[in-house]
Amino acid sequence: MKLLLTVSISILLIFGCSKPPQNISNNSTETVLGTIGDSAMVASAHPIASQVGADIMKNGGNAFDAAIAVQFALAVVYPVAGNIGGGGFAVIRESNGNVASLDFREKAPKSASKDMYLDSEGNVIKGKSTIGRLACGVPGSVDGMFELHKKYGSMPMDQLIQPAIILADGGFPLTQNEASNLNRFQEEFKMQNNWDLPTMRESPWKEGETMFYKDLAVTLAIIRDFGKEGFYEGIVADQIVKDVQSGGGLITMDDLATYESKWREPLVGNYRNHKIISMPPPSSGGIALLQLLQGTEDYPIGTWGHNSAKAIHTMTELERRVYADRATYLGDPDFYDVPQEMLLSESYNEERFLDISAKSKTPSSEIKEGNVEMIESVETTHFSVVDVDGNSIAITTTLNGYFGNKVMVKGAGFFLNNEMDDFSAKPGVPNQFGLVGAEANAVAPEKRMLSSMTPTIVEKDGELLMVVGTPGGSTIITSVYQTILNVIDHEMTMQEAVNAEKFHHQWLPDLILIEENRFAENVVDDLTSMGHVIDVRKQLGKMDCILVHPDGTLEGGSDYTRGDNTSIGF
Ligand code: DON
């Protein structure tokens, strides 16, 4: 089996096994289709990881086996965000329609405290929650993959980890994007580590060079042979604790040994006769997405035209209000009584969006959180998988920033997260994504930091329709929102929906971010005349999605225009 997977990975990398993205011309318009597969599909941030997942399913594994193998493979070939030192969320839909969601988000160490990122005058200390050892939460990914396997796996776990070990030990070719990511962070690698990381080099990394992660291969082999205890106890745990504590970090052996991922009731809502299944808190993604979709139902977005000024204005006004609610009311439900039912209720959202003007923007300074009755008490990556039986899984997983806190665990060879920055270090002070928060998302021992990750599955007439997700910090929610609208309201293919230009608003700062050089001048002028302030970003999102076509074939829509994202199916 091990040999078979190695051979299969290299052969299929050369020849491929499904129809690649294609343009279908008819008289007036050109349809852009993603990768087409007859019955199974993996869409991920890296072609090798997608191939690993497809191979697992070809060898009889289900979508959940494939997802586990992809998660471990991404930890090797896409260390900028793929990880075993971070965490994430999974939304699951079995072929029989049963749904579930798994929270393997990082947790604050037991000795974390509310003011740990403030100086003696109560000001946030810049960089303390983003770089270095104090920035890191207790990793959840390895536990998450074992939990997923326990409930849904069909192949032995060692066979799902083996492809990642082969890649780390035997090497793999760097893509241009990965080479430049490694080159970009050389200074940070040097500053945060006192040993020669495999990622460090005097001369620049180049596309096509073979990359090895020998220490990581050993760590993965320990996990393969000893199960999750191989990571959370014993030598690897010891390496994590020694490294983290050598630089003032808080993680202890006890923090690691007691980490547990959690099965949570997924959020289920409706949008124009589609069932939307998404992630509940501690991600804000599901609640925010369902609020946005509820607000959108009142508007004929499809007839207004994709990214017309009217559509962008209306969606922005919805986003402004939803992100204000996010900042106040959302946090880890194990620590804070999130008013989930209220935020998702029709009556609340009707009232919430009532003051949206069709003609001009409402300045964010005039928008406060909605009136919710409180019961007293407070560089990511996404991949989608569908298997031959119609089981599906959406996983978004992260180290937070590029290469997390830039600390590679000495001897163990993987990067740690800087997820503690997703807490609100101080009410009203923005984090690295410009997001503000309050008590609901304050740091506390063993609490999970609020996330924007939005792995989502869409059903139509009781059948699987779409698996959706993306990285992008605070912009994840709005990219998922637009992608769903692109397919449902604007009738795009999966690939067109992914490729389409994206925009974003998050209440504060009061700006619409748009992708550079991709929006028509007259649209920008119209938005400006309604009072909106526009700012540009090079790119927003890197979606990896799957759409089921009416004939039952699968279309993988992977963002090859913004990254190395690749769908592989058969
Ligand atoms: O959980 C969150 O919302 C963030 N840590 C996600 C970070 C992210 O997407 C970075 N990637 N671009």
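1. How far does a backbone N or O atom of G472 lie from an oxygen atom of the ligand? The separation is 3.0 Å. This counts as a polar contact, a pair of N or O atoms within 3.5 Å; within protein, one must be able to donate a hydrogen and the other to accept it, and residues adjacent in sequence count only if both atoms are side-chain atoms. The protein covers 95% of the 340 Å² of accessible area that the ligand has on its own. Such areas come from the Shrake-Rupley method with a 1.4 Å probe; for residues, only the protein chains shown count as cover.

2. A word on the basis. This is a predicted model: local features need pLDDT of at least 70, side-chain atom pairs count only at pLDDT 80 or more, and totals for chains, interfaces and linings use all residues. Residues are numbered from 1 along each chain as its sequence is written, and side-chain values use heavy atoms, with hydrogens and water left out.

3. More on the ligand site. R105 has a side-chain N or O atom 3.0 Å from an oxygen atom of the ligand. E379 has a backbone N or O atom 3.4 Å from a nitrogen atom of the ligand. Around the ligand are 15 residues, of which T380, E419, D422, S452 and G473 come nearest. Here a residue is near a molecule or strand if one of its heavy atoms lies within 4 Å of it.

4. E379 itself sits in the loop between helix 16 (346-352) and strand 12 (381-386). Helices (H or I, at least four residues) and strands (E, at least two) are DSSP runs, numbered from the N terminus. The relative accessible area of E379 is 16%, so this residue is buried. Buried means under 20% relative accessible area, exposed over 50%, partly exposed in between (1.4 Å probe, protein chains only).

5. Next, the hairpin. Strand 14 (residues 456-460) and strand 15 run antiparallel and are joined by five bridges. Two strands pair if DSSP finds at least two bridges between them. Two residues separate the strands of this hairpin, and D461 in the turn has a positive phi of about 50°. E459 has L464 in strand 15 as its bridge partner. Strand 15 (residues 463-468) is mostly covered, with five of its six residues buried.

6. Strand 15 also pairs with strand 19 (residues 544-548), antiparallel, over two bridges.

7. An open sheet has three strands in the order 16-17-18, with mixed pairing. Strand 16 (503-504) and strand 18 (534-537) are the edges, each pairing on one side only. Strand 17 (residues 512-515) runs parallel to strand 18, with four bridges between them. I512 stands opposite I534 in strand 18.

8. The loop between strand 16 and strand 17 deserves a look. W507 is found there. W507 is not a glycine, yet has a positive phi of about 70°. Its relative accessibility is 10%, so W507 counts as buried. P509 has its place in this loop too. The peptide bond joining L508 and P509 is cis, with omega about -5°.

9. Two further backbone points. F403, in the loop between strand 13 (392-398) and strand 14, has a positive phi of about 55° although it is not a glycine. F403 counts as buried because its relative accessibility is 0%. The P281 to P282 peptide bond is cis, with omega near 15°.
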